[in-house]
Amino acid sequence: MLYLHSQTKKLPRKSMSLNLTEEQIIQLAPDTASVKAGKGLATKAKWILLEYNNRAIWGHCQGSGKTPYQTVIDTQNIAFKCSCPSRKFPCKHGLGLLLLYAAQPGLFKTADEPDWVTTWLAKREEKAEKKEQKAKSNTPIDEAAQAKRQAMRHQKVLNGMDDLETWMKDLLRNGLINVPERAYTLFDNMARRMVDAQAPGLANRLKAMQEINFYDESWKYNLTDQLGKLYLLIKSYRNLDSLTQEWQDEIRTQTGYPQPKEEVLAGEAITDHWMVLHKRSQKINELNTETYWMYGQRSGRFAIFLSFTTPGTLPELNLVPGSIYKGSLCFYKGVGTLRALFKECTLSQETFIPLFCHDLKEATALYRNTMKLNPFSENVPILAENLRLTTNSKQLYVQDANKELIPVQMQDTVKIDILSITGGKPFAAFFLANANHWELNTIWYQSNYYLWRDERN
């Protein structure tokens with residue numbers, strides 16, 4: 001289910017770096033139940049202590065037990081800590097505390113940090129320093145052993161690709177008409193084979209085929225498009241030596257070879273003010289994945305930041321959609337790659353509006369150029385303005401001032417929300433574009449930013 005939020009209301013501020021809207025805070029919640037519970041705790045009656053300084057907000061929340069829960073929030077790089085037994089991050093107490101500060105900052109008094117707050121912040125700083133030192137580490141590498149491991153993996157991948165190509169040819173020889181009724185076992189078994197072959201990138205592509213909506217008429221186009229890209233990837237990997245270094249990095253990454261963080265962070269950094277355009281939360285095999293799409297104010301560059309956490313652990317960064325972060329990003333190697341890591345990052349009080357394509361002709365040209373540069377690109381980020389929603393039969397479209405149309409994907413509730421906000425007037429939007437449809441995720445209307453909670457588990 002999707003939820004509408006808007007950046008129409010700024011929070012009252014004290015002398016600290018926190019400047020979030022209530023709706024942005026809600027985006028930090030792990031689920032809708034936590035949102036409801038957090039709002040229930042965003043009242044003075046629930047807290048017997050409310051304090052802050054330039055580094056953190058903290059408080060004591062009286063629960064059902066004798067001892068109140070101790071809750072603290074790092075306001076420099078949004079993070080939460082609570083003594084309650086909840087396995088959710090942030091828990092309802094952390095959300096409630098932050099929501100209460102958003103609504104009534106005057107209830108909080110300036111104070112020196114208690115030991116439990118100082119200890120937690122010190123551990124976070126120590127962890128960050130160790131990570132930085134690790135990135136700078138010059139530990140010698142056993143090149144011979146590394147080369148041997150790489151050669152063994154390369155052969156495993158080639159063997160797996162041989163099996164995959166045979167499977168694909170059998171699939172086409174037998175015809176695709178019966179694929180929908182046996183999609184789960186058909187793709188799942190081969191995906192497992194690719195995992196065994198140490199080619200998780202190929203496994204992910206097979207799983208994506210398994211998730212195609214086979215009730216929709218477009219499934220034939222989606223399936224053949226993805227099969228074609230998979231076949232192209234196989235052929236490219238077999239001919240790595242004939243490719244440029246940039247394409248070798250890209251094909252290895254697409255196949256599933258990791259790029260060490262240390263190497264990424266050692267590359268050239270792009271310093272900018274980065275706006276978080278959209279956030280997607282997924283839970284796969286107990287691993288929580290947060291995907292953030294960002295846009296650089298000066299560079300005009302898109303970036304993707306991925307955060308992975310296991311149950312009971314905190315993410316390294318909690319980026320809030322609609323917020324601006326001043327930081328340096330190091331991009332992964334590849335062709336037109338968007339994925340990046342923060343070398344440094346702080347929440348900024350500045351705001352800006354991104355640069356949009358003026359119409360759909362310009363937007364589709366950007367999409368085509370991206371696909372020409374790298375045919376393996378998916379979910380291409382696009383910003384476009386002067387748009388309206390329209391329908392034709394059951395299909396929903398966006399239409400520009402020149403009457404050009406692009407099919408878009410969204411739930412009916414989102415369509416209603418957009419119409420209620422805009423009254424049918426033009427708006428700007430952020431899309432994730434693919435061959436058959438564009439997914440609309442956020443809009444700007446009268447300089448205000450609106451987003452929808454997107455959780456895909």
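**Close-up views of a predicted model**

**Figure 1. The outward face of helix 12.** Asp412, Ile416 and Ser420 are exposed, on the face of helix 12 turned away from its buried side. The model shown here and in every view below is predicted. The buried residues of helix 12, which spans residues 412–422, are Val414, Ile418, Ile421 and Thr422. An α-helix has 3.6 residues a turn, so residues three or four places apart point the same way. Just after helix 12 comes glycine 423, with a positive phi of about 60°.

**Figure 2. Serine 307 in strand 9.** Strand 9 covers residues 302–309 and includes serine 307. Is serine 307 buried or exposed? Its relative accessibility is 5%; the cut-off for buried is under 20%, so serine 307 counts as buried. Which residues does serine 307 touch, not counting residues up to four places away in sequence? One set is Asn288, Thr289, Glu290 and Tyr292; Pro315, Glu316 and Leu317 complete the list.

**Figure 3. Lysine 156 in helix 5.** Lysine 156 belongs to helix 5, residues 143–174. At 43% relative accessibility, lysine 156 counts as partly exposed. Its contacts, leaving aside neighbours within four places in sequence, are Asp196, Ala197 and Gln198. Methionine 194 is 38 residues from lysine 156 in sequence. In space, the C-alpha atoms of lysine 156 and methionine 194 are 9.5 Å apart.

**Figure 4. The whole protein, as context for the close-ups.** The protein has twelve helices and 18 strands. Its radius of gyration is 24 Å, close to the 23 Å that the globule rule gives for 457 residues, so the protein is as compact as a globular protein of that length. The C-alpha trace spans about 70 × 60 × 45 Å along its principal axes. Of the 457 residues, 47% count as buried. Take the contacts between residues at least 6 apart in sequence: 62% of them join residues at least 24 apart.

**Figure 5. Surface and charge of the protein.** The accessible surface comes to about 23400 Å². Carbon and sulfur atoms account for 50% of that surface. The protein carries 58 positive and 49 negative charges. How far apart are the mean positions of the positive and negative charges? They are 4 Å apart.

Terms used:
Residues are numbered from 1 along each chain as its sequence is written. This is a predicted model: local features need pLDDT of at least 70, side-chain atom pairs count only at pLDDT 80 or more; totals for chains, interfaces and linings use all residues. Side-chain values use heavy atoms; hydrogens and water are left out. Helices (H or I, at least four residues) and strands (E, at least two) are DSSP runs, numbered from the N terminus. The radius of gyration is taken over C-alpha atoms; the globule rule is 2.2 Å times the number of residues to the power 0.38. Buried means under 20% relative accessible area, exposed over 50%, partly exposed in between (1.4 Å probe, protein chains only). Contact means heavy atoms within 4.5 Å. Accessible areas come from the Shrake-Rupley method with a 1.4 Å probe; for residues, only the protein chains shown count as cover. Lys and Arg count as positive and Asp and Glu as negative; His and the chain ends are not counted. The place of a charge is taken as NZ of Lys, CZ of Arg, CG of Asp or CD of Glu.
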